[in-house]
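Biologist: I am new to this structure, and I would like to learn how to read its features step by step.

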Amino acid sequence: MHEYNKIWIKRVLTPFWAIELIWLLVVFILSCVDLGKSMSIIELPFAIFSVALDLTAIILFARYRLRPIPYLVFQCLTAACWTTVLILDLLSLHYGGARDLLFSVVLSCTSIGQVAYGAVMVHRKRVGKLPRDQEDSNNGAPRGSYAALGPKDAKGYVVVRTDGVES
């Protein structure tokens with residue numbers, strides 16, 4: 001397995017994770033206190049599910065195993081959950097759910113931001129612009145380089161004929 005932490009920017013992931021986990025902790029506590037409310041019954045499983053996915057991503061990141069596609073799948077699932085809660089909160093806003101709306105807006109925004117970042121990383125992986133892909137492809141040459149073509153000498157350098165004779 002190759003290291004995948006070369007592709008992730010820690011200063012992008014850490015604020016997303018910190019903001020989301022802090023808000024999820026508050027949502028979890030408030031949902032436990034107001035367990036009789038109908039929105040609390042919906043938000044509590046989503047909060048537990050989101051924390052589980054975030055902790056999985058953090059553990060994979062810490063072990064240098066966080067790949068772009070699983071990260072994007074995790075964030076798409078989380079964004080779908082919190083966007084659903086946001087829509088439900090908007091529909092029930094006239095019943096006095098402004099607090100719930102604030103939490104769902106923040107959690108939807110952080111989830112959608114992580115989806116955007118994951119989509120950029122998946123695109124870079126598929127195009128081959130990640131550092132890992134550049135090291136592994138084309139015999140160590142950068143992607144799109146003609147240096148990967150042709151014979152190599154004993155030291156691994158590309159042999160370039162200048163006398164006009166093709167080998």
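Predicted model: local features only at pLDDT ≥ 70, side-chain atom pairs only at ≥ 80, totals over all residues.

Biologist: How many residues does helix H1 have, and what span should they give?

Modeller: Helices are DSSP runs of H or I with at least four residues, numbered from the N terminus, and the expected span is 1.5 Å times one less than the number of residues. Helix H1 (residues 10–33) has 24 residues and should therefore span 34 Å, which agrees with the 34 Å between its end C-alpha atoms.

Biologist: Which residues of H1 are buried?

Modeller: Buried means under 20% relative accessible area, exposed over 50%, and partly exposed in between (1.4 Å probe, protein chains only). In H1 the buried residues are Leu-13, Trp-17, Glu-20, Leu-24, Val-27 and Ser-31. An α-helix has 3.6 residues a turn, so residues three or four places apart point the same way. Phe-28, which also belongs to H1, is partly exposed, with a relative accessible area of 35%.

Biologist: Where does Ser-111 lie, and is Ser-111 buried or exposed?

Modeller: Ser-111 sits in helix H4 (residues 98–127) and is buried, with a relative accessible area of 0%. A polar atom of the Ser-111 side chain lies 2.8 Å from the backbone oxygen of Leu-107.

Technical notes: Residues numbered from 1 in each chain as written. Heavy atoms only, no water. Helix = DSSP H or I, 4+ residues; strand = E, 2+ residues; numbered from the N terminus. Polar contact = N/O pair within 3.5 Å; in protein donor to acceptor, adjacent residues only side chain to side chain.
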